[in-house]
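This briefing is meant to be read alongside the sequence and the three-dimensional structure. It takes up charged side-chain pairs and then a pocket.

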Amino acid sequence: GRSIQLGGRAQQDVPRGACDPARLHEAVLYLAANARAAMPAGGTLVLSAYQEGDPDNGEPNPTPRAVVIEVRDTGEGIATSALPHVFDPGFTTRPDATGLGCAQVRAIVEQWGGSAEIESRPGDGTRVLLRLPVV
C-alpha cells in the first residue's frame with residue numbers, strides 16, 4: 001500500500017544460504033504480507049540480508065555461520081502471550097487468516113537446516129529472523 005514505506009539493506013558479499021530460492025521467496029512474501037496487515041495506518045517494512053559470523057574463531061573476519069534474512073516492520077506488534085505460538089500450525093491473531101503461513105515459513109527454513117525466530121512487542125513492531133546455513 002501507499003502508506004507503507006519499503007526499505008532494503010543487504011550486506012556486501014553475503015554468502016549463499018542453503019535454500020530453495022523459490023520457497024524462500026514464498027516465505028519472505030508471506031512475512032511481508034503479514035507486516036502489511038499489521039500496519040493498517042501505514043508504517044515501514046525493511047527487508048535485510050546479512051551474514052552472521054562465528055565470533056569464537058578469533059579471526060578479524062569471522063567465518064560465515066549463517067545467512068540471515070530479516071523482515072522488520074513498525075506495525076502493531078504481537079501480544080507477549082501469543083509469541084510462543086506464532087509458528088504453531090493453525091495459530092493466528094487475525095480473523096481473516098488460516099494460521100498456516102508462519103508454520104510454513106518455519107518449515108521452509110528448517111528443511112534446509114535453518115531456523116526462524118520472532119521478536120515483537122505490542123505497539124513496537126515485529127522482527128522476524130530467518131537463519132540459513134552457509135553453502
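The points below concern a predicted model and are grouped by topic. The structure holds eight salt bridges, and E52, R65, E117 and R131 are joined in a network of such bridges. The largest pocket has a volume of about 470 Å³.

- R131 is a residue of strand β5, which covers residues 126–133, and its side chain makes polar contacts with the side chain of E52 at 3.0 Å and with the side chain of E117 at 2.7 Å.
- When neighbours within four places in sequence are left aside, the residues in contact with R131 are E52, A66, V67, V68, G114, S115 and E117.
- E52 also forms a salt bridge with R65, in which the closest N and O atoms are 3.7 Å apart; this pair links distant parts of the chain, since E52 lies in strand β2 (residues 43–53) and R65 in strand β3, 13 residues apart.
- E52 counts as buried because its relative accessibility of 17% falls under the 20% cut-off, whereas R65, with a relative accessible area of 44%, is partly exposed.

**The bridges of E70**

- The side chain of E70 meets that of R72 in a salt bridge with an N to O distance of 2.8 Å, and it meets the side chain of R127 in another salt bridge, at 3.3 Å from N to O.
- E70 lies in strand β3 and R127 in strand β5, so this second pair ties together parts of the chain that are 57 residues apart in sequence.
- At 6% relative accessibility E70 counts as buried, while R72 is partly exposed, with a relative accessible area of 39%.

**The largest pocket**

- The largest pocket, with its volume of about 470 Å³, is lined by 27 residues, of which N34, A38, I78, T93 and R94 are the closest to its centre.
- The elements that give two or more residues to this lining are α1 (21–37), β3 (64–73), α2 (101–111) and β5, and α1 gives the most, with five residues.
- By residue class, the lining of the largest pocket divides into 16 nonpolar, seven polar and four charged residues.

Notes: Residues numbered from 1 in each chain as written. Predicted model: local features only at pLDDT ≥ 70, side-chain atom pairs only at ≥ 80, totals over all residues. Heavy atoms only, no water. Helix = DSSP H or I, 4+ residues; strand = E, 2+ residues; numbered from the N terminus. Polar contact = N/O pair within 3.5 Å; in protein donor to acceptor, adjacent residues only side chain to side chain. Contact = heavy atoms within 4.5 Å. 1 Å grid on protein atoms, 1.4 Å probe; cavity = no way out; pocket = protein on both sides within 12 Å on 5 of 7 lines; lining within 4 Å. Points joined across faces, edges and corners; volume = space filled by probe spheres on them. Nonpolar A, V, L, I, M, F, W, Y, C, P; charged D, E, K, R; others polar. Salt bridge = Lys/Arg side-chain N within 4 Å of Asp/Glu carboxyl O. Buried < 20%, exposed > 50% of the residue type's maximum accessible area, 1.4 Å probe, protein only.
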